[in-house]
Amino acid sequence: MKYSPNNPILLTSSLHVDEARKAIAQLVNELIAESNAIGDASDTEIVSLDQAINRILAEDLLSPIDVPAADNSAMDGYAFDGKCLGTQSATVSLKMIGTAFAGKPYEGKINPGECLKIMTGAVMPAGCDTVIPQEFTSDQTDTHIEFPQNQLKPGENRRLRGEDLQQGKPAIRAGRLLRPSDLGLAASLGIASLKVKRKLKVAILSSGDELRSLGQTLDAGSIYDSNRHSLTGLLNRLNLEIIDCGIVRDDPTSLKNAFIDAATKADVLISSGGVSVGEADFTKQIMQELGDVGFWKIAMRPGRPMAFGVFKPIAGKSPARKTLFFGLPGNPVAVMVTFYQFVRSALLQLNGANQTEPPIIQAISEAPIRKKPGRTEFQRAILGRNTDGRPTVRLTGSQGAGILRSMSEANCFVILAHDQGNIVAGDWVDVALFDGLL
């Protein structure tokens, strides 16, 4: 049975955070299946390496060469035939006949009892399979070296051809959110461009009569709209195409027209505001007309109210796909928390990424934290280290959903689980870092 955001099973009580994540992932999988059925070739494009950061790799990148391309030395030292080990006295003595440099292979022949001075990365000469590090030799001259018999075994300190990558094998798997190291790896293989997933088009808008754009004068009771700018920064981290639909007033006609216009242009629509119990009455009616959207109460703090679902294909949109919709709370911190916990993973999943969840680490709480069981909490905090080098974390202060300064000062969330109670100073807690995510 296909998932529906209005499934009454989900709406009988507040959803756990994990339940909400599973429901979102299920619907996104259905959208992916529908998109695959359309088979639109424009879902991928070729970009240069310099344009590929934070894009999703569309197909396995196969190595065109062996890496390394030949057996080579793993360090500076002396190359020789390891068969001589165990056949001489306690001290091995070898005649040095030349030098092999990285990028300049030694062309001569190495005979038993001879060695070659060799640099890290230099191709192993014929007849050599072992390297003694320079610092392990007990005596060395321009013509001879000596070292204790028990310093190494045959074959040590040699990197074999294809040891890192074999020609024709995947160097980077499809679905990878490309990082700087991936671009460096591709360049090391001589690859100048990559096939990546098309950037998702994400429309954002804020709703509320009290909101003003930057540059406008604030009247009594009005505030500047910060949510669109926070969302723009969050989406830019994912290298997506952003469509800013501005501020929409609190009336049904304006909101419906704005939603239709955004859904025509975008794969995903994210709105903020207008989803709490008191604000959402006419919004619910509009959603029922445009698609299948549910209004959820999620057992979390901050960010309890959220709307989620899909808009039906809009006339004039090509290809005729559904538009994924997230209606986030209006409070600035709640917007960022719900984006981090639900929207970010869904966008990566929809765009074909094979790893969508942010990493979680543990740190020691520097102070007590009050927590009631029955909801998941995301406390803004600062991660550091104590004198023993162990990770520690402390809250930024007041955790109100409208205190945007607490997000600006923080570098992580402390995540307190649904059934967890009060935290004592010294307890280990789960932490999700902002770096690279927010």
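A residue is called buried when its relative accessible area is under 20%, exposed when it is over 50%, and partly exposed in between (1.4 Å probe, protein chains only). The structure described here is a predicted model, in which local features need pLDDT of at least 70, side-chain atom pairs count only at pLDDT 80 or more, and totals for chains, interfaces and linings use all residues. Residues are numbered from 1 along each chain as its sequence is written, and side-chain values use heavy atoms, with hydrogens and water left out.

Side chains of opposite charge can pair when their charged atoms come close. A salt bridge is counted here when a side-chain nitrogen of Lys or Arg lies within 4 Å of a carboxyl oxygen of Asp or Glu. The structure contains 20 of them.

One joins Asp-18 to Arg-21, with an N to O distance of 3.0 Å. The two residues stand three apart in helix α2 (residues 17-38), and therefore about one helical turn separates them. Helices (H or I, at least four residues) and strands (E, at least two) are DSSP runs, numbered from the N terminus. Asp-18 is partly exposed at 49% relative accessible area, and Arg-21 is partly exposed at 25%.

Another salt bridge pairs Arg-158 with Asp-71 (3.6 Å, N to O). Arg-158 belongs to strand β10 (residues 158-159) and Asp-71 to the loop between β2 and β3 (72-73), so this pair ties together parts that are 87 residues apart in sequence.

Asp-81 and Lys-83 also meet in a salt bridge, at 3.9 Å from N to O. Here Asp-81 is partly exposed at 23%, whereas Lys-83 is exposed at 65%.
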